[in-house]
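Subject: Structure for you to look at

Hello,

Please find the structure below. My notes on it follow.

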Amino acid sequence: MSLSDENSGTARHVETSGSHYAAGVLPRTGGRLIGWLMVCGPPGQSTSGLVQAPGTSKSSESTMSRLLEQMGFIRRYRKPGSCETCHRVAPGARHTIIERRRGEITSLRRPAEHGIAGDDTDRGSGLAEMRDAFLFWEREWPALMERWKKETT
């Protein structure tokens with residue numbers, strides 16, 4: 001499977017993944033690679049497949065696949081009898097990706113708290129609202145994750 005048809009659902013998914021992750025925790029190429037590995041067929045791709053299908057360079061593929069592996073999103077493996085390295089979405093990667101959002105919530109709350117601490121005017125009310133929203137999500141996150149695990153396993 002390749003991404004030669006830019007209007008296909010797969011191509012749109014890969015591009016959207018790239019844009020989404022580029023706005024957060026990964027370079028765009030890393031987002032495109034994880035997006036591709038989530039939908040490619042057959043599951044798992046050789047290094048050459050990761051270069052060819054999403055249209056990345058070999059050096060970008062190497063750098064991004066190493067980063068994705070370190071983040072727990074993908075796993076490298078070799079097929080029996082083959083010398084070529086292959087990559088697949090790591091078991092639990094979707095959980096790992098979602099769980100990383102928990103840290104983002106905390107990192108967004110902290111600047112609001114710092115702003116409130118140093119503000120003796122009414123301008124802090126918007127910051128207080130932001131802090132309270134993030135505190136709510138931090139408090140509710142563990143229960144949401146537990147429900148999600150029960151529903152998906």
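Strands S2 (residues 74-78) and S3 pair in the antiparallel sense over five bridges; strands are DSSP runs of E with at least two residues, helices are runs of H or I with at least four, and both are numbered from the N terminus. Two strands count as paired if DSSP finds at least two bridges between them.

This is a predicted model, so local features need pLDDT of at least 70 and side-chain atom pairs count only at pLDDT 80 or more, while totals for chains, interfaces and linings use all residues. Residues are numbered from 1 along each chain as its sequence is written, and side-chain values use heavy atoms, with hydrogens and water left out.

Ile 74 stands opposite Val 89 in S3. The hairpin of S2 and S3 has six residues between the strands, and Gly 81 there takes a positive phi near 85°. S3 (residues 85-89) is also joined to S1 (residues 45-46) by two bridges, and these two run antiparallel. Gln 45 has His 87 in S3 as its bridge partner.

Now the helix. The end C-alpha atoms of H2 (residues 28-39) are 17 Å apart, which agrees with the 16 Å that its twelve residues should span at 1.5 Å a residue; the expected span is 1.5 Å times one less than the number of residues.

Gly 35 is found in H2. Gly 35 counts as buried because its relative accessibility is 0%; buried means under 20% relative accessible area, exposed over 50%, and partly exposed in between (1.4 Å probe, protein chains only). Other buried residues of H2 include Leu 33 and Trp 36. Leaving aside neighbours within four places in sequence, Gly 35 is in contact (heavy atoms within 4.5 Å) with His 13, Val 14 and Ser 17.

Regards
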